[in-house]
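Subject: Structure handover

Hi,

Here is the structure for your files. Please open it alongside this note, as the findings follow directly below.

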Amino acid sequence: GVTLAELDGIAVTAYPGLIGALLVGVNFAKGLALTAGKPLVPTHHLAGHIAANYIAHPELKPPYLCLVVSGGHSHLVEVLTYTKFRILGRTRDDAAGECFDKAARVLGLPYPGGPSVANAAKTGDPKAYRLPVPHVEGKYNVSFSGLKTAVLNEVNQAQMKGTDINVPDLAASFQERIAGILAEKLLLAAADTGAKQVCLAGGVAANGRLRQLVNDGAQKLGAKVYLPELKFCGDNGAMIAAQGYYQYMAGHTAGLDLNGLPTLPIDYE
């Protein structure tokens with residue numbers, strides 16, 4: 001509902017991500033900013049996911065803890081200010097969303113894996129299959145490659161025995177394990193730091209079981225939970241605009257020499 005002239009700046013995802021996609025976005029944003037005579041505001045993709053919470057919850061203010069879980073990332077982040085972050089933990093191998101996608105493929109469920117596994121799990125027994133809890137160094141770090149392999153092994157063993165896999169049961173067991181691991185790490189960090197505000201962000205933040213576990217655990221800790229709207233969990237432009245606002249207010253703008261970066265940690269500043 002606004003014109004280009006009414007905007008204060010042009011925000012764009014500059015990092016991290018697939019370099020081809022980033023270059024297309026960054027170069028389009030450069031052209032738009034130059035044509036409109038507006039500041040160019042580079043934005044970190046993960047910071048954008050976190051900022052999706054501000055759209056639904058303008059009262060949310062740092063500091064707080066945020067679990068950022070998507071197809072490419074699984075990070076436990078301490079949000080110090082609107083533009084400064086500290087990584088407390090991360091995945092040592094696969095991201096949670098990637099693990100959902102691979103498990104879904106093994107189970108014959110459609111892409112993207114998160115929603116299809118969650119849907120199949122609705123009628124399943126989460127205790128039907130005993131899946132491992134992968135151990136990893138670092139108090140708040142997680143590992144998911146072993147969990148993905150465990151699902152594959154269950155399917156392979158069933159095929160060798162000539163028996164059928166109960167897809168809803170295995171989907172429910174898998175979802176319960178991955179959501180449990182993620183919620184446990186976030187709540188452990190909240191208890192250790194005394195955080196009174198915790199958030200979820202990213203595509204996997206749409207998972208109902210993860211939301212439930214975090215809500216239940218945070219209540220026991222006396223912490224308030226903030227969750228982004230489902231439509232802002234996956235990648236979207238609104239979250240980049242939201243984070244772009246805070247970057248712009250902090251004076252973080254760029255020149256036309258801005259380049260996309262395939263890797264850059266969220267605590268780069």
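K102 and E98 form a salt bridge, with the closest N and O atoms 2.7 Å apart. A salt bridge here means a side-chain nitrogen of Lys or Arg within 4 Å of a carboxyl oxygen of Asp or Glu. Both residues sit in helix 3, four residues apart, so about one helical turn separates them. Helices (DSSP H or I runs of at least four residues) and strands (E runs of at least two) are numbered from the N terminus. K102 is partly exposed at 23% relative accessibility. E98 is also partly exposed, at 27%. The cut-offs: buried is under 20% relative accessible area, exposed is over 50%, and partly exposed lies in between (1.4 Å probe, protein chains only).

Two notes on the source. This is a predicted model, in which local features need pLDDT of at least 70, side-chain atom pairs count only at pLDDT 80 or more, and totals for chains, interfaces and linings use all residues. Residues are numbered from 1 along each chain as its sequence is written, and side-chain values use heavy atoms, with hydrogens and water left out.

**Other salt bridges**

The count is five salt bridges. Side chains of opposite charge can pair when their charged atoms come close. K148 is partly exposed at 21%. D94 is buried at 9%.

R209 and E176 form another, again with closest N and O atoms 2.8 Å apart. They also join distant parts of the chain: R209 lies in helix 7 (residues 208-221) and E176 in helix 6 (residues 167-193), 33 residues apart. R209 is partly exposed at 21%. E176 is partly exposed at 26%.

Five strands make an open sheet in the order 5-4-3-6-7, with mixed pairing. Strand 5 and strand 7 (224-226) are at the edges with a single partner strand each, so one side of each has no neighbour in the sheet. From one strand to the next, the twist averages 25°. Two strands count as paired if DSSP finds at least two bridges between them. Strand 4 (residues 74-79) and strand 5 pair in the antiparallel sense over five bridges. V79 has F85 in strand 5 as its bridge partner.

Helix 2 (residues 45-56) packs on this sheet. It touches strand 3 (64-69), strand 4, strand 5, strand 6 (197-201) and strand 7. Contact means heavy atoms within 4.5 Å. The direction of helix 2 makes about 120° with that of strand 3. Axes are lines fitted to C-alpha atoms, for helices over the stretch in contact, and angles run from 0 to 180 degrees between N-to-C directions. Among the buried ones are H45, L46 and A47.

**T13**

T13 is in strand 1 (residues 10-15). T13 is buried, at 19% relative accessibility. Leaving out residues up to four places away in sequence, T13 touches L22, V26, T43, H45 and I240. The C-alpha atoms of T13 and V2 are 21 Å apart, for 11 residues along the chain.

On a 1 Å grid over the protein atoms alone, a cavity is a set of points where a 1.4 Å probe fits but cannot get out; a pocket is an open set with protein on both sides within 12 Å along at least five of seven lines; lining residues have an atom within 4 Å of a point. Grid points are joined across faces, edges and corners, and a volume is the space filled by probe spheres set on the points.

The largest cavity has a volume of about 40 Å³. Its lining includes L67, Y140 and V142. Strand 4 gives the largest share of that lining, three residues.

The largest pocket has a volume of about 360 Å³. Of its 14 lining residues, P112, G114, P115, G203 and V204 are closest to the centre. Helix 3 and helix 4 (113-121) each supply at least two residues of the lining.

Best wishes
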